[in-house]
Amino acid sequence: MSRKLLSVSIVIALIVGVVYRVFPIFAGDDALAQFFITEDGYLMLTIARNMAIGLGMSVSEGTIVTNGVQPLATFIFTIPYVLTDGDKLDSLVGVILISTLIAVAAFFVLQRFAHLVLRQFTDDPIWSWLVAAFWFVGPLLLFHSMNALETGLYTLIILLTLLQFSRVLNKGADSTFADRMFLGALCGITFLARIDGALLVVAIFLVWGLFEFLALRIKFFTVVGRLFTPGLLSLVFAAPWLIYNQLLFGRITPISGISQSHGANFGSNLSLLPSKLIEYVFPMLPVPTALEQTSPSIVIFALIIVVVLGLFVTSVWRTGSRIRLVVLAYLIFGFFLATYYGLFFGAPHFISRYMAPLSPVLITATVVVGLNIVTWSRGRISQPVLQYLGVAGLALSLALLGRLAIPGVKEQGHFQVVEWVQENVPQDIWVGAVQTGTLGYWRDRTINLDGKVNPNALRALKEQGDVLNYVLGSEIQFIADWSDVADWPIEERFRDTEFARRFEVVIKDEAADLGVLRRTSYSDS
């Protein structure tokens with residue numbers, strides 16, 4: 001009965017997960033525009049639309065060339081804009097449908113990945129389906145896969161790459177040239193899906209090379225030759241993006257990452273990692289914000305993660321199967337990600353999304369540990385208990401998703417700025433904002449001020465420490481953003497500046513989280 005109930009729950013989770021993802025299409029324009037798509041998602045969609053209508057990778061009505069996105073997802077999201085001749089609202093239907101298809105594909109690919117790991121411990125395939133279902137309806141993961149960014153696509157490509165890596169390892173010395181080249185191509189595509197995919201490529205080639213040299217006893221230079229051509233192919237796939245970045249922006253990395261790292265303190269995100277990772281060890285249990293960085297929470301979450309991963313790695317390694325090398329590469333990649341974003345990166349509000357690609361292996365680890373506990377208990381804990389816990393976990397995820405669908409519970413957070421500007425500023429007037437994803441999508445004449453997609457603003461931030469002189473020298477007549485932007489003219493460091501004399505406060509509404517500044521020389525006439 002418990003297994004049958006779990007099977008039914010998994011099917012229900014798949015159906016609800018699909019329906020939940022597409023319901024904004026049928027729920028009206030507000031839901032279509034606001035329910036899933038985030039501020040940064042709109043940054044990507046602005047660039048995708050401009051590409052589709054012939055303005056290239058740009059923002060601000062095509063006047064500012066940018067590379068502040070991840071290329072593969074941006075190119076894919078151009079499709080609905082091409083089909084609708086750039087219609088901003090109707091194209092969102094296509095964006096949501098594409099994101100849903102990617103998530104469904106990831107569900108089935110994740111099931112295959114989990115099956116390869118779990119078959120070392122059980123013959124029952126239901127557990128791999130449970131892993132996939134946990135990922136598919138985990139509240140945080142569902143929204144990360146539907147936010148009009150690259151996270152869902154990135155997760156899918158990572159899993160496809162790891163599955164091909166498994167095939168190459170299983171064939172060992174008999175792997176064909178085509179096998180190895182296909183893996184190299186997937187590694188290049190992984191990089192295009194997200195630039196930190198380079199860390200996964202490094203992990204895969206490291207494990208692959210050591211396996212062939214130490215386990216298969218292939219001569220060192222032969223190993224180098226076998227890995228060189230797929231490695232070169234991965235660089236061929238990555239090269240157009242790298243060259244574009246270097247030639248136009250002076251660095252091979254997107255300016256969005258540089259902007260988010262600007263001013264970051266070493267180790268500033270380290271205390272956040274335990275709470276962000278524990279949410280993917282148990283994807284049905286999002287951590288309340290108030291608990292994320294309390295000392296007891298950090299210690300408890302870190303200990304749980306160490307214990308779960310320790311037991312998981314030990315169990316998988318003892319099987320002696322080659323899938324353990326795939327798991328090893330995945331976990332090395334996870335270590336690289338956690339180290340980089342924990343120690344060297346800023347923008348703490350993005351850490352959850354950046355850790356999301358690790359969720360497949362973390363969820364799989366949890367299920368493996370659960371199965372091992374059943375085995376170690378020698379009958380004191382039975383599989384039906386674990387099956388009922390699986391049902392409860394899926395039920396909790398669906399309940400949390402239901403709560404998030406209640407009007408007013410989840411707000412997009414930026415449409416109050418869009419609405420004010422649309423109602424009060426003529427279309428031919430330029431508006432500046434620190435956060436220009438949502439505003440810049442719905443209003444073409446918007447200039448980004450945090451440097452994520454605007455290299456000129458980023459240069460001002462790096463050279464002068466702020467964008468005030470950049471704003472003064474621009475065509476910006478209004479600055480509209482969250483309420484704290486209204487404090488700029490009266491902040492002590494800006495109070496006696498030319499900017500404070502040239503811009504006046506129009507609105508500071510903390511309840512609506514809206515702040516507006518206006519150039520003093522601006523006239524409605």
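Where in the chain is Asp 85 placed, and between which elements?

A: Asp 85 lies in the loop between α5 (78-83) and α6 (90-118). The structure is a predicted model, in which local features need pLDDT of at least 70 and side-chain atom pairs count only at pLDDT 80 or more, while totals for chains, interfaces and linings use all residues. Residues are numbered from 1 along each chain as its sequence is written, and side-chain values use heavy atoms, with hydrogens and water left out. Helices (DSSP runs of H or I, at least four residues) and strands (runs of E, at least two) are numbered from the N terminus.

The backbone of Asp 85 has a positive phi of about 60°, although the residue is not a glycine. Asp 85 counts as exposed, at 71% relative accessibility; buried means under 20% relative accessible area, exposed over 50%, and partly exposed in between (1.4 Å probe, protein chains only).

Arg 217 also has a positive phi of about 60° without being a glycine. Arg 217 is found in the loop between α11 and α12, and its relative accessible area of 70% makes it exposed.

A salt bridge (a side-chain nitrogen of Lys or Arg within 4 Å of a carboxyl oxygen of Asp or Glu) joins the side chains of Glu 212 and Arg 226, at 2.8 Å from N to O. Because Glu 212 lies in helix α11 and Arg 226 in helix α12, the pair ties together parts that are 14 residues apart in sequence. Glu 212 is buried, at 1% relative accessibility, and Arg 226 counts as buried at 12%.

By this rule the model has 18 salt bridges. In one of them, Arg 518 pairs with Glu 504, the closest N and O atoms being 3.0 Å apart. This pair links distant parts of the chain, with Arg 518 in strand β7 (residues 514-519) and Glu 504 in strand β6 (residues 503-509), 14 residues apart. Arg 518 is partly exposed, with a relative accessible area of 28%, and Glu 504 is partly exposed at 31%. A network of salt bridges links Asp 40, Glu 150, Arg 194, Asp 196, Arg 353 and Lys 452.

Arg 194 leads on to the second largest pocket: with Gln 70, Ile 195, Gly 257 and Phe 345, it lies nearest the centre of that pocket, which 29 residues line. Elements that give two or more residues to this lining are α3, α11, α13 (255-261), α16 (323-343) and α17 (351-355). Helix α13 gives the most, with five residues. The space in this pocket is about 530 Å³. On a 1 Å grid over the protein atoms alone, a pocket is an open set of points with protein on both sides within 12 Å along at least five of seven lines, a cavity is a set where a 1.4 Å probe fits but cannot get out, and lining residues have an atom within 4 Å of a point. Grid points are joined across faces, edges and corners, and a volume is the space filled by probe spheres set on the points.
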